[in-house]
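Welcome! Please take a look at the sequence and the 3D view below, and then we can walk through them together.

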Amino acid sequence: MASYESVLDSIGATPLLRLTRAAQGLRPRVYVKPEWQNPGGSVKDRAALAMLRRAEAEGALRPGGTVVEVTSGNTGIGLALAAAHLGYRAVIFTSSTIAREKRAQLTAYGAELRLVDAFVPKDHPDSVHAQGQRFAEETPGAWLAHQYDNPANPAAHYATTGPEIWADTDGAVTHFVATVGTGGTISGTGRYLKEVSGGRVRVTGADPLTSAYSGGDGSQKYIEGAGHFVHPEAARDLWPRSLDTGVIDDYAPVDDQSAIDAIRRLARTEGILAGGSSGVALAAALRLAEHLTEEDTVVVLLPDSGRAYLSTYFDDDWLAANGFTAPTAEGGPGEPTV
Ligand code: PMP
């Protein structure tokens with residue numbers, strides 16, 4: 001319970017939720033961290049605010065300035081809400097394939113959207129990244145957040161997400177599982193948890209099957225926000241500086257169908273509605289938990305809610321049209337517990 005002086009002060013301090021039915025038969029305790037409880041609806045509010053505050057402190061962003069970012073949606077939403085609150089213009093470069101609900105949320109905050117072809121490779125002069133960078137260079141007073149290479153991004157998680165997990169498990173956490181987009185979440189949170197536990201906490205990077213982080217071919221994917229989708233030969237050059245590879249003990253590749261199955265089961269058996277990248281993290285965590293003991297406590301970070309994906313992963317017609325199957329045994333009301 002809290003009262004905040006502004007919406008920005010309400011970013012962070014998300015709870016942990018213990019899985020009961022979805023983790024049935026597993027020995028460790030499994031908790032999820034629902035990051036959609038942030039005001040913009042995702043984990044990226046944390047990094048967005050931290051990057052913006054650092055830019056202000058360093059003088060890179062001044063009153064009347066323009067906030068620019070290239071994003072799969074959620075970082076843009078965090079920046080757009082902070083820009084709206086603080087009186088900056090926000091211009092967000094994103095691909096035309098991101099969830100319509102995220103685009104609508106960006107414009108609701110008053111951000112200007114520049115939609116760019118998602119299928120231009122990241123290293124091409126017309127890529128969404130190159131266009132965002134060019135716009136920022138050519139616009140007076142513009143500041144490009146650059147989440148992939150901005151140290152304030154992992155620092156936000158070292159300062160907030162990590163300490164929250166440690167405190168909320170009373171130091172019992174043994175395993176942390178998260179997806180890797182910019183790497184900010186896993187690097188900052190993982191670094192903190194390893195330091196505070198004297199190196200005991202194991203960190204698993206849950207990764208879409210085709211993502212280059214875990215050795216995939218970098219081909220296109222459905223799941224938004226997680227993974228590294230560049231040609232394997234270019235992958236190393238385009239590795240984000242926000243990602244601290246030393247923190248990740250292992251990667252767990254997860255195919256899209258398993259991720260979709262995981263969030264659909266989570267909704268039906270726990271009443272927790274999570275997004276696609278959450279499915280990647282959850283599927284990896286439940287697989288990992290099969291090999292752990294009663295002494296272990298697994299924390300899974302769920303980046304955003306299923307609300308933006310009701311017309312995709314939660315829609316049987318969309319699944320069929322895109323080569324997926326709707327799970328037939330998803331679970332549902334079980335035996336009454338009282
Ligand atoms: N899932 C979603 C839905 C996201 O928007 C992001 C951010 N790109 C991530 C996962 C990965 O988070 P991070 O950038 O901190 O690695």
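## The chain as a whole

A residue counts as buried if 20 or more other C-beta atoms lie within 10 Å of its own. By that rule, 51% of the 338 residues of this chain are buried. Please keep in mind that what you see is a predicted model.

The chain has 10 helices and 10 strands. Its C-alpha atoms fill a box of roughly 60 × 45 × 40 Å along the principal axes. A compact globule with 338 residues would have a radius of gyration near 20 Å, and the 19 Å found for this chain agrees with that. Sequence distance is worth a look too: among contacts between residues at least 6 apart in sequence, 69% join residues at least 24 apart.

Let us turn to strand E10, residues 297-302. Six of its six residues are buried, so E10 is largely enclosed by the rest of the structure. Thr297, Val299 and Leu301 point one way from the strand, while Val298, Val300 and Leu302 point the other way.

Which strands pair with E10? One of them is E2 (residues 29-34), which runs parallel to E10 and is joined to it by six bridges. Here Val32 has Val300 of E10 as its bridge partner. Strand E7 (residues 175-179) also pairs with E10 in the parallel sense, over three bridges.

Strands of a sheet pair through backbone hydrogen bonds, either parallel or antiparallel. Another group to find is an open sheet of four strands in the order E5-E4-E3-E6, with parallel pairing. Its edge strands are E5 (112-116) and E6 (142-144), each of which pairs on one side only. From one strand to the next, the twist averages 20 degrees.

Within this sheet, E3 (residues 66-70) and E4 (residues 89-95) are parallel and share five bridges. Val68 stands opposite Val91 in E4.

## Two helices that cross

Two packed helices are described by the angle between their axes and the distance between the axes. Helix H5 (residues 152-168) packs against helix H6 (residues 184-196) at an angle of about 50 degrees, with the axes 7 Å apart. That angle makes H5 oblique to H6. The crossing of H5 past H6 is right-handed.

Which residues meet where these helices pack? On the H5 side they include Ala155, Tyr158, Ile165 and Trp166. Among those on the H6 side are Gly184, Gly188, Tyr192 and Val196.

How values were computed. Residues are numbered from 1 along each chain as its sequence is written. This is a predicted model: local features need pLDDT of at least 70, side-chain atom pairs count only at pLDDT 80 or more; totals for chains, interfaces and linings use all residues. A residue is buried if 20 or more other C-beta atoms lie within 10 Å of its own, exposed if 12 or fewer, and partly exposed in between; C-beta atoms are placed from the backbone. Helices (H or I, at least four residues) and strands (E, at least two) are DSSP runs, numbered from the N terminus. Two strands pair if DSSP finds at least two bridges between them. The radius of gyration is taken over C-alpha atoms; the globule rule is 2.2 Å times the number of residues to the power 0.38. Two residues are in contact if their C-beta atoms, placed from the backbone, lie within 7 Å. Axes are lines fitted to C-alpha atoms, for helices over the stretch in contact, and angles run from 0 to 180 degrees between N-to-C directions. Angles under 35 degrees count as roughly parallel, over 145 as roughly antiparallel, 65 to 115 as roughly perpendicular and the rest as oblique. A crossing is left-handed if the near helix is turned anticlockwise from the far one by less than a right angle, and right-handed if clockwise.
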